[in-house]
Amino acid sequence: MNNQGITTFINGKIFTSNSDQPYATAMKVQDGKIIWVGKQEEVALTAGDVIDLQGQRVLPGLIDAHLHPWHLAMYSKQIAALPPNVYSIAELIEKIQEARKNLKEGSWIQCWGYDEGKLAEGRMPTRWDLDKAAPDVPVIASRSCVHIATVNSKVLEMAGITKDTPNPPGGQIDKDENGEPTGVLRESARELVFKIMPVQTIEEDALALAELSPKLLAHGITAVTDLMARVEPVDYLEMYNQGREKGLKQRTVLYYLWEDLQKRPIQDKERTNRENPIHIGGIKLFSDGSISGQTAWVNPPFLGEGENGGIATTSKAELLAAGEAAKQYGIQLVIHAMGEQAIDLIVDTFYDKEGWLEDAPSVRIEHVTLPTKQAMKRMAKARIGIVTQPVFLYAEIESYLKNLGAERTKSTYPIKSMLKEGIEVAFSSDAPGTAWADPVNPFLGIKSAITRKAYDGTDTGQDERVDVATAIELYTRAAQQLTRIPNVGQLKPGYYADFIILDQDILEIDPQKIDELQVMETYMGGKCVYQREATVKS
């Protein structure tokens, strides 16, 4: 073995996520990749650098298989409309009034993260609430699920939304008993507002992504995805590449919205080259909305008055057309679906269709909150993958109990059953699309999956618990298999030396304390790119 440029890591408690060799105590790295993993007593320290891991727990770098980094970067600059910053609509009004004092001309006041289940008033804010805070400037507040937004009267006027405006396809403009818009816009109705909002320069967007990167590294996240990539007003591939030039370190896969790729098809195959640190990996569609916002396409209907079964946002014809395009490009088709009917539509559409990818599921369903037993069996047979988010049950328990009831809530996200059926499953956060102050923290989702307890202690279904090792694998090896990022997700020869060092042993501590874990160091390609002690000192 050529020892030139080799770094040997010793004295570690390494969990590799490699089922053939799950545990090790040492590894050798050369040119950014692992060349050997095994027991420390087998190591010959003849040359090169040696780093003592000091008996700490080491995991592969975590992969967030369903994330919205640009939105997360933007939301960090907005008013957080959720605890511990805001507990009521009244407090939100105060925060907006404060922001109004220093607002630059032509700017909007933007808020994110409200969840009526966590607000003292127990309802969504309306245009009239926001008008109390700032009637003369545009104000928008996004719900935690990012499928619903509330705007003030100024924004409705700017967007031309009146009592006579019809609901757009796949969307809803909420109206009161007099037919007046309440300011609440669901699903595609939000686009009526998005198209008139001010646009940042691509340089500003790229810088925001670069500034987000160390925050992700602090959580041990070394690879990410963007499930809402657009071609306009800014092309996300160009934006992320510029972000990388400015300091974005995470390997990144982009999933472009189908409506955008219809306008601007992929002409250059290099854009989908998986060897590139930033590349296009799929086409994204929505089959329904959210459970917490009562826009998921469910059966039976949500609890409450009337027969609200949610909103269907796509069709079999559209799914097939998008699937053909994904096949042509050699990338995945990924579809958001939470309710039973939304999931069934996808499964029924592709159950008898042959996949076009050999190394991974050609079709991926995101979230998969309420799959039926038949749907899960058919997903396994058709090799339809699942990327899900156990953090939802942890953070949004109030909405789930209100909209589904306690028993139905326990049947949501049946991860253990999915795995038992043989479905390929991965974990993710969907940040910032959940009602939590630090939504991207992967240890929240891991804790939720292994305890099936919400943050307030509510039982969310003990029969669907998974063990700690499985939860880690679903954030590493399984996430790699479903995102198709080459040579990550495991610590084995030939793979990038992307790994993290924890302050406590995740495999031994009380599961209830897993969300308290801290990443001490994060490595990419064998180089330390984040160190907690240095961050604390600065």
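Q: How much space lies in the largest cavity?
A: This is a predicted model. In it, the largest cavity holds about 30 Å³ of space.

Q: And how many cavities of 30 Å³ or more are there?
A: The structure holds 1 cavity of that kind.

Q: Which residues line the largest cavity?
A: The lining is made up of Pro 390, Leu 393, Tyr 413, Ile 415, Ser 448, Ala 449, Arg 452 and Thr 460.

Q: How does that lining divide into nonpolar, polar and charged?
A: There are 5 nonpolar residues, 2 polar ones and 1 charged one.

Q: Where in the chain do Phe 392 and Tyr 413 sit?
A: Phe 392 is in helix H12 (residues 391–395), while Tyr 413 is in the loop between H14 and helix H15 (415–420). The two are 21 residues apart, and the pair links distant parts of the chain.

Q: Are Phe 392 and Tyr 413 buried or exposed?
A: Both Phe 392 and Tyr 413 are buried.

Q: Which residues do ring pairs link into a cluster?
A: Phe 9, Phe 499 and Tyr 523 are linked in that way.

Q: Let us turn to charges over rings. What sits over the ring of Tyr 496?
A: The charged end of Lys 33 does, at 4.9 Å from the ring centre. Arg 251 also lies over the face of Tyr 496, at 4.0 Å from the centre of the ring.

Q: Now salt bridges. How many does the whole structure have?
A: A search of the whole structure finds 32.

Q: What does Lys 13 form a salt bridge with?
A: Lys 13 bridges to Asp 505, with 2.8 Å between the closest N and O atoms. This pair links distant parts of the chain, 492 residues apart: Lys 13 is in strand E2 (residues 13–15), and Asp 505 is in the loop between strand E22 (499–502) and strand E23 (519–524).

Q: Is Asp 505 buried or exposed?
A: Asp 505 is buried, at a relative accessible area of 9%. Lys 13, by contrast, is partly exposed at 30%.

Q: What about Arg 230 and Glu 259, how do their side chains meet?
A: They meet in a salt bridge, at 3.6 Å from N to O. Arg 230 is in the loop between strand E15 (221–229) and helix H7 (236–246), and Glu 259 is in helix H8 (residues 258–263), 29 residues apart. Arg 230 is buried with a relative accessible area of 17%, whereas Glu 259 is partly exposed at 41%.

Q: And which residue does Asp 459 bridge to?
A: Asp 459 forms a salt bridge with Lys 410, the closest N and O atoms being 4.0 Å apart. Asp 459 lies in the loop between helix H16 (442–451) and helix H17 (468–474), and Lys 410 in helix H14 (residues 406–410), 49 residues apart. Asp 459 is partly exposed at 28% relative accessibility, and Lys 410 is partly exposed with a relative accessible area of 28%.

Q: Which residues do shared partners join into one network?
A: Salt bridges with shared partners join Lys 13, Arg 57, Asp 505 and Glu 508.

Q: Finally, what is the volume of the second largest pocket?
A: Its volume is about 510 Å³. The pocket is lined by 20 residues, and the closest to its centre are Pro 169, Ser 188, Glu 259, Phe 286 and Thr 313.

Methods. Residues are numbered from 1 along each chain as its sequence is written. This is a predicted model: local features need pLDDT of at least 70, side-chain atom pairs count only at pLDDT 80 or more; totals for chains, interfaces and linings use all residues. Side-chain values use heavy atoms; hydrogens and water are left out. On a 1 Å grid over the protein atoms alone, a cavity is a set of points where a 1.4 Å probe fits but cannot get out, and a pocket is an open set with protein on both sides within 12 Å along at least five of seven lines; lining residues have an atom within 4 Å of a point. Grid points are joined across faces, edges and corners, and a volume is the space filled by probe spheres set on the points. Ala, Val, Leu, Ile, Met, Phe, Trp, Tyr, Cys and Pro count as nonpolar, Asp, Glu, Lys and Arg as charged, and the others, Gly among them, as polar. Helices (H or I, at least four residues) and strands (E, at least two) are DSSP runs, numbered from the N terminus. Buried means under 20% relative accessible area, exposed over 50%, partly exposed in between (1.4 Å probe, protein chains only). Rings of Phe, Tyr and Trp (its six-membered ring) pair if their centres lie within 6.5 Å; planes under 30 degrees apart count as stacked, over 60 as edge-to-face and the rest as tilted. A charge sits over a ring if NZ of Lys or CZ of Arg is within 6 Å of the ring centre and within 35 degrees of the ring normal.
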